[in-house]
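Trainee: Walk me through this one, please. Start wherever you like.

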Amino acid sequence: MALGTSIAALALSSHWMLNSGSTSRSGLERLGSELEPLATGLRESLYGTVIEHGLAGVLLTSALLTVPLVWSVNRWKLPFGSLFILFTVPVLFMCIPGQSAYMAPAGIVTGLAADLLYGFLGASHRNNWKKHVLAALVPLLLTGAFLVLEHLRDGLGWPPALWSGAMVLSALQGIVLSHLVAMNKEDSA
């Protein structure tokens with residue numbers, strides 16, 4: 001499963017939050033200098049498009065990494081380390097094509113935290129609410145780790161309402177994906 005997710009991550013690498021550069025301060029400043037000669041309305045419209053692309057990248061990345069998580073937790077009792085591999089390997093593949101190797105710790109920290117949360121919560125295919133809590137916290141941690149690393153490297157170009165909203169949306173997306181996978185299992189049983 002980690003290999004399949006990694007291949008998808010490598011194939012669509014230009015769309016991931018790890019490679020877009022649309023959250024960094026320097027990326028947004030570079031955009032501003034390139035758009036300087038344009039009319040104000042067009043400049044603001046393009047700036048909004050870059051912000052939307054960055055938010056879409058955050059949600060796409062967290063969805064790609066959350067679906068295997070909730071599917072695995074919904075099906076099996078996982079040994080310690082499996083979620084670490086499930087998060088670390090695809091994030092490393094996401095970091096290969098771009099110049100975003102500095103983002104690898106986001107996958108490592110999230111994978112380790114996912115394993116620890118899984119063990120602490122005792123989430124399994126039998127405990128519904130624990131699965132949903134895990135599915136909300138792990139994408140929240142991934143997005144938070146990514147934004148912290150981006151801030152430490154280049155400065156975060158997003159206002160607080162946008163980065164906090166991205167974290168909340170990724171957590172909500174995890175809950176929705178968890179419910180969809182749980183519904184699919186109930187329908188097939």
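**Working through the model**

Mentor: Start with V168, which counts as partly exposed because its relative accessibility is 47%. Buried means under 20% relative accessible area, exposed over 50%, and partly exposed in between, using a 1.4 Å probe and protein chains only.

Trainee: What should I know about the model itself?

Mentor: It is a predicted model: local features need pLDDT of at least 70, side-chain atom pairs count only at pLDDT 80 or more, and totals for chains, interfaces and linings use all residues. Residues are numbered from 1 along each chain as its sequence is written, and side-chain values use heavy atoms, leaving out hydrogens and water.

Trainee: OK. Which helix holds V168?

Mentor: V168 sits in α7.

Trainee: What does S170 touch?

Mentor: Leaving out residues up to four places away in sequence, S170 touches L59, S62, P139, L140 and T143. Contact here means heavy atoms within 4.5 Å. The side chains of S170 and T143 also make a polar contact of 3.1 Å. That term covers N or O pairs within 3.5 Å; within protein, one must be able to donate a hydrogen and the other to accept it, and residues adjacent in sequence count only if both atoms are side-chain atoms.

Trainee: Switching topic. How many helices and strands?

Mentor: 7 helices and 0 strands. These are DSSP runs numbered from the N terminus: helices are H or I, at least four residues, and strands are E, at least two.

Trainee: Which residues touch the most others in the largest nonpolar core?

Mentor: L69, L83, L134, V138 and W158, out of 33 residues. Such a core is a set of buried Ala, Val, Leu, Ile, Met, Phe, Trp, Tyr and Cys residues joined through side-chain atoms within 4.5 Å. α6 contributes the most, with 8 residues.

Trainee: What does V138 contact, beyond four places in sequence?

Mentor: L69, F87, T110, A114 and L117.

Trainee: What does the length of α6 look like?

Mentor: α6 has 26 residues and should span 38 Å at 1.5 Å a residue; its end C-alpha atoms are 38 Å apart, so the two agree. The expected span is 1.5 Å times one less than the number of residues.

Trainee: What follows α6?

Mentor: G155, with a positive phi near 90°.
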